[in-house]
Amino acid sequence: MKDAAAGRVAAALLAAGRFGPASLIIERVDPGDLVLALESGEADELVLAAWLEALLRNANKAAAVLASGRVSRRSTLVALARASGPDGVPNDYGEDPWLIAVRSASEPISQSDEDYLAAFLMARALGPRSRSRAELICFAYTQLYRALDQNRLHDDVERLVTWRLDWGGWFQSDYCSRLKATVVRRFVTDHLDPEIFGRLTDDDALSMSLIDEMAETGRGRRYLVEVRNHLMHTNQRDNRARADYIFDKIK
């Protein structure tokens, strides 16, 4: 089979409810063409799940599919996330394939699916595999914090991310406090992009709580100087207000 025909074959097999040759086709098919076949809406859920499992067994092809920029349905990302682990897809160079896919996928999904995706991406960001940790944290933080705060997560989803949270002191025993402390510690210790930390959340209260946490240590206050410098070079009123708040914390 020529590679150019593999995409058409994949679409036909999915529509026919067949998944036996999935691994062979996935090996040959162009990543973008495979996305079109998977998102065609022609396959039932069980057949689609079998194809996604076959895709995830080929980690490099899964990375190429996510990095293709062609994934348009967030439901596809959720299905892939639920069938894999946070560290399953390689990111040996460039942007994280999961980050590229999150940017390209715009179809709305349910709140529970958004919560799951946020937990999954935060777990990936806090793990050893991603080269886009700051960006993934930025995507996931607000959604995940609110889900934890409102006890929206099922136990298995909660465990997906909380086992990667740092343990703080007596006053950081709840998951929200541990999430905040872990994120702050990662930005400082790994010196993740200060510009991203400055816009980590659109929620002013959450942003101020992150700044407060960061200002608790000398290293954190020095890092906040860099954050403030980035915020001061924008014309957005909210960013200038955050820069002023940082100034009050570090002066």
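**Pocket, cavity and ring contacts in a predicted model**

The lining of the largest pocket is made up of 8 nonpolar, 4 polar and 7 charged residues. In this classification, Ala, Val, Leu, Ile, Met, Phe, Trp, Tyr, Cys and Pro count as nonpolar, Asp, Glu, Lys and Arg as charged, and the others, Gly among them, as polar. The model is predicted, so to speak of local features a pLDDT of at least 70 is needed, side-chain atom pairs count only at pLDDT 80 or more, and totals for chains, interfaces and linings use all residues. Residues are numbered from 1 along each chain as its sequence is written, and side-chain values use heavy atoms, with hydrogens and water left out.

The largest pocket holds about 390 Å³ of space, and 19 residues line it, with Leu48, Leu52, Ser75, Thr76 and Ala79 nearest its centre. Helices α3 (31-38), α4 (45-57) and α6 (74-82) each give at least two residues to this lining, and α4 provides the largest share, 5 residues. Helices here are DSSP runs (H or I, at least four residues), numbered from the N terminus. On a 1 Å grid over the protein atoms alone, a pocket is an open set of points with protein on both sides within 12 Å along at least five of seven lines, whereas a cavity is a set of points where a 1.4 Å probe fits but cannot get out; lining residues have an atom within 4 Å of a point. Grid points are joined across faces, edges and corners, and a volume is the space filled by probe spheres set on the points.

The structure also contains 1 cavity of 30 Å³ or more. The largest cavity has about 60 Å³ of space, and its lining residues include Phe197, Leu210, Val227 and Ile246. At least two lining residues come from each of α12 (194-198), α13 (204-214), α14 (218-232) and α15 (237-250); the largest share, 3 residues, belongs to α13. By class, this lining divides into 7 nonpolar, 3 polar and 1 charged.

Across the whole structure, 4 aromatic pairs are found, where rings of Phe, Tyr and Trp (its six-membered ring) pair if their centres lie within 6.5 Å, and planes under 30 degrees apart count as stacked, over 60 as edge-to-face and the rest as tilted. Phe197 and Tyr223 make an edge-to-face pair, 5.9 Å centre to centre with 85° between the planes. Because Phe197 lies in helix α12 and Tyr223 in helix α14, the pair ties together parts that are 26 residues apart in sequence. Both Phe197 and Tyr223 are buried (under 20% relative accessible area, with exposed over 50% and partly exposed in between; 1.4 Å probe, protein chains only). Together with Phe187, they form one aromatic cluster.

Charges meet rings as well. The charged end of Arg82 sits over the ring of Tyr116, 4.1 Å from its centre, and Arg178 lies over the face of Trp167, at 3.7 Å from the ring centre. The rule asks for NZ of Lys or CZ of Arg within 6 Å of the ring centre and within 35 degrees of the ring normal.

The cysteines complete the picture. With a disulfide taken as a pair of cysteine sulfur atoms within 2.5 Å, the count is 0 disulfides. Cys138 is in no disulfide, and the nearest cysteine sulfur, that of Cys176, is 18 Å away. Cys138 counts as buried at 17% relative accessibility, as does Cys176 at 7%.
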